[in-house]
Amino acid sequence: TLTINKFNAKRIGGYKCVVEKDGRTSEGVFEVTLPIVHEDLIEPVEETIKFVEGEDLVLQVNKLEGIITDLTWECDGETVVNGENGFEITNKKGFSKLIVKLLMLILFQSPVHVTLPG
């Protein structure tokens, strides 16, 4: 048994246990890595949006990590294009906002998703 106290990134890598007995050699090989941490890159400003009849729908996410430039909005699996079909997208350093114009809300009653590449 090998126990590594206070494990950190400096100690990741390949480890090997070698045994020699009566002219025979045996090895146990281990690859030690840190677990992959999937941190959210965005978060919705509001989880639930209250639709107000007669007004445009506004959805917004805050960007949590660094500069994110490749961000898209989707509705029913289709990429939303800024300026088309009543959609307006604003991408700034710290947030992205999707405005769905009133006319599109009447015609297009589907959930909208935001996705990042990868």
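Predicted model: local features only at pLDDT ≥ 70, side-chain atom pairs only at ≥ 80, totals over all residues.
Local features need pLDDT of at least 70 and side-chain atom pairs count only at pLDDT 80 or more, while totals for chains, interfaces and linings use all residues. Residues are numbered from 1 along each chain as its sequence is written, and side-chain values use heavy atoms, with hydrogens and water left out.

Q: Is Ser96 buried or exposed?
A: Buried means under 20% relative accessible area, exposed over 50%, and partly exposed in between (1.4 Å probe, protein chains only). Ser96 has a relative accessible area of 0%, so Ser96 is buried.

Q: With which side chain does the side chain of Ser96 make a polar contact?
A: A polar contact is a pair of N or O atoms within 3.5 Å; within protein, one must be able to donate a hydrogen and the other to accept it, and residues adjacent in sequence count only if both atoms are side-chain atoms. For Ser96 the contact comes in at 2.5 Å, and the partner is the side chain of Asn91.

Q: Which residue stands opposite Ser96 in S8?
A: Two strands pair if DSSP finds at least two bridges between them. Strand S4 (residues 57-63) runs antiparallel to S8, joined by six bridges. Ser96 also touches Leu59, Gln60 and Val61, among others (contact means heavy atoms within 4.5 Å). The residue opposite Ser96 is Val61.

Q: How many residues are between S7 and S8 in their hairpin?
A: Strand S7 (residues 87-91) pairs with S8 in the antiparallel sense over five bridges. Along this pairing, Thr90 has Lys97 as its bridge partner, and Glu88 stands opposite Ile99. The number of residues between the two strands of the hairpin is three.

Q: Which are the edge strands of the open sheet?
A: Four strands form this sheet in the order S3-S4-S8-S7, with antiparallel pairing. Two of them pair on one side only, and these edge strands are strand S3 (42-44) and S7.

Q: How far apart in space are Ile67 and Lys92, C-alpha to C-alpha?
A: Ile67 is in the loop between S4 and strand S5 (72-75), and Ile67 is exposed, with a relative accessible area of 65%. Along the sequence, Ile67 and Lys92 are 25 residues apart. In space, C-alpha to C-alpha, they are apart by 9.4 Å.

Technical notes: Lists of a residue's contacts leave out its neighbours within four places in sequence.
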